[in-house]
Amino acid sequence: MSTVMAMSHPSRFDPDDPLLARVRQLALAFPGAAEKVSHGHPNFFTTKVFAYYGFRAKSDHSNPDTFQTVAIKPDPEERLALLEEGWFAPSYIGPSGWVACDLKTDPDWELIAELLDMSYRNTAPKRLIAQLDASV
């Protein structure tokens, strides 16, 4: 009889990363939002993930421990505009409509906040979206 052991993924982020702290502050402000580490990356979710931290472009083979990116799931028409503005389709999740931004490029944090809101609304249950709308 053979035993299959699950392998844990190494951590792919610095817990003291100030860019992660900024994303965390924005993401965890949404109703019902929580954070978990999956496949070595922080994920922000309700019942579904609405933001990933640290994904890279498929063609980027540099040190994976240095990726300071945020990936969100925008509306389809917004996705195309973001890709034209320099955002990229991250490995594995890009084909499902996700786009990511390199946070080391001094991003527009107001835009990041708006896109996190969009991604949250595209993934969260209706009751949580209603809570968000009631709090505005």
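Trainee: What share of the contacts between residues at least 6 apart in sequence joins residues at least 24 apart?

Mentor: The share is 53%. Contact means heavy atoms within 4.5 Å. This is a predicted model, its residues are numbered from 1 along each chain as the sequence is written, and side-chain values use heavy atoms, with hydrogens and water left out. Local features need pLDDT of at least 70, side-chain atom pairs count only at pLDDT 80 or more, and totals for chains, interfaces and linings use all residues.

Trainee: What makes up the secondary structure of the chain?

Mentor: Four helices and five strands. From the N terminus, the order is α-β-β-β-β-α-β-α-α.

Trainee: Why is alanine 71 called buried?

Mentor: Its relative accessible area is 0%. Buried means under 20%, exposed over 50%, and partly exposed in between, with a 1.4 Å probe and protein chains only. So alanine 71 counts as buried. Alanine 71 sits in strand β4, residues 69-72. Buried residues make up 43% of the 136 residues in the chain.

Trainee: What is alanine 71 in contact with, leaving aside neighbours within four places in sequence?

Mentor: Its partners include Phe50, Tyr52, Ile93 and Trp98. Take tryptophan 98: 27 residues separate it from alanine 71 in sequence, yet their C-alpha atoms are 6.3 Å apart.

Trainee: Why does threonine 69 count as buried?

Mentor: Its relative accessibility is 3%, so it falls on the buried side. Threonine 69 is also in strand β4. Its side chain reaches the backbone oxygen of phenylalanine 55 at 2.5 Å.

Trainee: What makes a pair of atoms a polar contact?

Mentor: Two N or O atoms must lie within 3.5 Å. Within protein, one must be able to donate a hydrogen and the other to accept it, and residues adjacent in sequence count only if both atoms are side-chain atoms. Another case is at the start of α1: a side-chain oxygen of aspartate 17 comes within 2.8 Å of the backbone nitrogen of leucine 19.

Trainee: Which residues of helix α1 are buried?

Mentor: In α1, residues 18-27, they are Leu19, Leu20, Val23 and Ala27. They span an arc of only 100 degrees around the axis, so they lie on the same side of α1. The arc is that of the directions from the helix axis to the C-beta atoms. An α-helix has 3.6 residues a turn, so residues three or four places apart point the same way. Pro18 and Gln25, on the other side of α1, are exposed. The cover over the buried residues of α1 includes β2, β3, β4 and α3.

Trainee: How do you know that arginine 79 has no salt bridge?

Mentor: A salt bridge needs a side-chain nitrogen of Lys or Arg within 4 Å of a carboxyl oxygen of Asp or Glu. For charge, Lys and Arg count as positive and Asp and Glu as negative, while His and the chain ends are not counted. The nearest side chain of opposite charge to arginine 79 is glutamate 84, 10 Å away.

Trainee: Why does proline 76 count as exposed?

Mentor: Its relative accessibility is 62%, so it counts as exposed. Proline 76 lies in helix α2 too.

Trainee: What makes a set of residues a nonpolar core?

Mentor: They must be buried Ala, Val, Leu, Ile, Met, Phe, Trp, Tyr or Cys residues, joined through side-chain atoms within 4.5 Å. The largest such core has 28 residues, and those touching the most other members include Phe50, Val70 and Trp87. Its largest share, six residues, comes from α3. Apart from this core lies another, of nine residues, among them Tyr52, Ala71, Ile93 and Trp98.

Trainee: What is the phi of histidine 39?

Mentor: It is positive, about 55 degrees, although histidine 39 is not a glycine. Most residues other than glycine have a negative phi. Histidine 39 is in the loop between β1 and β2. Tyrosine 92 also has a positive phi, near 70 degrees. Tyrosine 92 is in the loop between α2 and β5. With a relative accessible area of 73%, tyrosine 92 is exposed.

Methods:
Helix = DSSP H or I, 4+ residues; strand = E, 2+ residues; numbered from the N terminus.
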